[in-house]
Amino acid sequence: MSFSRLRRSAAASVRGLPAQFWWLWTSTLISRLGAFVATFLALYLTAERGFSASYAGLVVALFGLGGAVASVTAGVLTDRLGRRPTMLAAQCSAAVCIAVLGFMERPVLIAALTFLVGLTSNASRPAVQAMLADVVAPADRVRAFALNYWAINLGFAVSSTAAGLIAQYSYHALFLGEATMLLCCAAVVAVKLPETRPERDGGATAGQDGGGADAARISVGTVLRDKRFMAVVALNLLVALAFLQTFTALPISMGRAGFSSADFGTVIALNGLLIVVLQIPLTRLIEHRAPAGLLTLSSLLVGWGLGIQAFAGSTLALYVVALCVWTLGEMINSPTQMGLVVRLSPLHGRGRYQGMFNLSFGVASLVGPLIGGVVIDRYGPPTLWGGTAVIGTLTAVGYGLLLRRLPAEQPTAEAVIAGDLGGEAARPDATHA
């Protein structure tokens, strides 16, 4: 593809999105440029502090537990208090908790602070996703989620490489650096992002059922009773269980194979680099395709890509090959999955629906490190990576069965969402500050 065609493709990908989306995008980029701690926490605990893989798995699991609690509670706060105050409270409190965690010495205090870091650092996610859905027109949402994910990985590519080098000199600098970046992110939200929560008029519609529902009656119970949506959450949980091993089991595996923190940082930064280069053109190929085949394919790529690492041993090139495979699955999965979640969410319940969806990541962050640490200690890394291939296969079958039963209902869900937010209601001047 020529440079001029690439330039036209990039211009088409960013055209037509409201200014508020770009400030939200900027805040996401800033936060991810400083996302040092979660990526290197397992390596910090094992290589720097000398704790076992099982303890590191437990601590990272507490991070996941905090995220699970935050998903539901922050989802409710997003709908009740608003998107903006939820983001500000989460980002400021996360900055404080991360800064303090870097100076903790006792194992019990490290574990407790890690739980609080998981709670506060994940609390802004439902609000960010709900605000994005508020300000972007339905036809542009997959593209907008892809661009937001692109910002996440642009920041991740930079932060992973920098953190790997900084960690060789001072882990304390990682904790303080992330806290500073979170405060900068909160400043952008405070100055540039007005509130977008829709007015409660009693006329919200449950996107997945096509039936009317009073906004005040949408609760966590409403989400739990939505069988179609909860099936999507369950399948995402399986994908996340496999994928999140890249942040806990992968650095431990590479450390045991003799690789340094800089080696791991360089390899994992390639994940972000690939997404930065390929996510936008790939999204233009998939954004108007049905999710069934996309989510089935992405599950296989993630599961079997991670499974390649069972044969990597001390060969860095195989880790790179594996990363390229599971990164492709990640790029397909994320915008497709987020677009599906918005389509299945009622207008006035977006925070709760996004919170429940993010709960799957929180539960995976809780359970995954525990499983990963124990399996590595008892059976070794190859057994763990073989298990991810099995999970990927099961998830692919699940998506195939679930979405095969949904084709007749998908247009109704999309039409209802478009009816709620189509036309002028989707534009930035229709949102209220």
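## Disulfides

The count of disulfides (pairs of cysteine sulfur atoms within 2.5 Å) is zero. A disulfide is a covalent bond between the sulfur atoms of two cysteines. Cys92 has its closest cysteine sulfur in Cys185, 9.4 Å away, which is too far for a bond.

Cys92 is partly exposed, with 36% relative accessibility, and Cys97 is buried at 13%. Buried stands for under 20% relative accessible area, exposed for over 50%, and partly exposed for values in between, using a 1.4 Å probe and protein chains only.

## Basis of the model

This is a predicted model, in which local features need pLDDT of at least 70, side-chain atom pairs count only at pLDDT 80 or more, and totals for chains, interfaces and linings use all residues. Residues are numbered from 1 along each chain as its sequence is written, and side-chain values use heavy atoms, with hydrogens and water left out.

## Overall make-up

The protein has 18 helices and zero strands; these are DSSP runs numbered from the N terminus, with helices being H or I of at least four residues and strands E of at least two. Of its 433 residues, 57% are buried.

Contacts are heavy atoms within 4.5 Å. Among those between residues at least 6 apart in sequence, 86% join residues at least 24 apart.

## Glu330

Glu330 is part of helix 15, residues 316–343. Leaving aside residues up to four places away in sequence, Glu330 touches Tyr149, Asn153, Phe243, Asn271, Ile275 and Val302.

Glu330 is buried but has no salt bridge, meaning a side-chain nitrogen of Lys or Arg within 4 Å of a carboxyl oxygen of Asp or Glu. The nearest side chain of opposite charge is Arg32, 8.5 Å away; Lys and Arg count as positive, Asp and Glu as negative, while His and the chain ends are not counted.
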